Amino acid sequence: MRNGPLDERKYAAAPKEITATVSLIEMRRSNGALVVSLDNDQVWMQNQPTEYFPLKVGDTVRIRSAALGSFMMFAPSKRATRVTRIR
């Protein structure tokens, strides 16, 4: 059932925003996208590499849910990139 009581519980369980510290940054060779490991054992990858997204190990990032089930990662420099959770 769409937009029913079960649908509301599914979306209510997911947090709207998380804050974590970067523990490892890798670069995918195929397309140049960053793969970011966080201190909470989550791993996120950029959907499309940006030419300038300043991020280093030890930075605190915020990840917020965005439109249509996507997520945005915000660096301390106030720059943002769209990401996907891979672990």
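In which sense do strand 5 and strand 6 pair, and over how many bridges? Keep that in mind while you get set up. This is a predicted model, in which local features need pLDDT of at least 70, side-chain atom pairs count only at pLDDT 80 or more, and totals for chains, interfaces and linings use all residues. Residues are numbered from 1 along each chain as its sequence is written, and side-chain values use heavy atoms, with hydrogens and water left out.

**Stop 1: the whole chain**

Colour by secondary structure. Helices (H or I, at least four residues) and strands (E, at least two) are DSSP runs, numbered from the N terminus. Of the 87 residues, 32% are buried; buried means under 20% relative accessible area, exposed over 50%, and partly exposed in between (1.4 Å probe, protein chains only).

**Stop 2: strands 5 and 6**

Now for that opening question: strand 5 and strand 6 pair in the antiparallel sense, over four bridges. Two strands pair if DSSP finds at least two bridges between them. Select Phe 71 and look across to strand 6, where Val 83 stands opposite. Then go to the hairpin of these two strands: it has five residues between the strands, and Lys 78 takes a positive phi near 75 degrees there.

**Stop 3: an aromatic pair**

(Rings of Phe, Tyr and Trp, using the six-membered ring of Trp, pair if their centres lie within 6.5 Å; planes under 30 degrees apart are stacked, over 60 edge-to-face, and the rest tilted.) Trp 44 belongs to strand 3 (residues 43-46) and Phe 71 to strand 5 (residues 71-74), 27 residues apart. Which of them is buried and which partly exposed? Trp 44 is buried, at 4% relative accessible area, while Phe 71 is partly exposed at 29%.

**Stop 4: the core**

Next, select Val 36, Leu 38, Trp 44, Leu 55, Ile 63 and Met 73. These have the most contacts inside the largest nonpolar core, which has 14 residues. A nonpolar core is a set of buried Ala, Val, Leu, Ile, Met, Phe, Trp, Tyr and Cys residues joined through side-chain atoms within 4.5 Å. Strand 1 (17-27), strand 2 (34-38) and strand 4 (60-65) each supply at least two residues of this core. Zoom in on Val 36: leaving out residues up to four places away in sequence, Val 36 touches several residues, including Val 22, Leu 24, Trp 44 and Met 73. Contact here means heavy atoms within 4.5 Å.

**Stop 5: Gln 46**

Back to strand 3, where you'll find Gln 46. Is this residue buried or exposed? Gln 46 is buried, with a relative accessible area of 4%. Its side chain reaches the backbone nitrogen of Leu 34 at 3.0 Å, and a polar contact of 3.1 Å joins the side chains of Gln 46 and Thr 81. (A polar contact is a pair of N or O atoms within 3.5 Å; within protein, one must be able to donate a hydrogen and the other to accept it, and residues adjacent in sequence count only if both atoms are side-chain atoms.) Gln 46 also stands opposite Val 83 in strand 6; strands 3 and 6 pair in the antiparallel sense over three bridges.

**Last stop: Glu 17**

Finally, pick Glu 17 in strand 1. Glu 17 is partly exposed, at 38% relative accessibility. Draw a line between the C-alpha atoms of Glu 17 and Ile 63: they are separated by 5.6 Å, although the residues are 46 apart along the chain.
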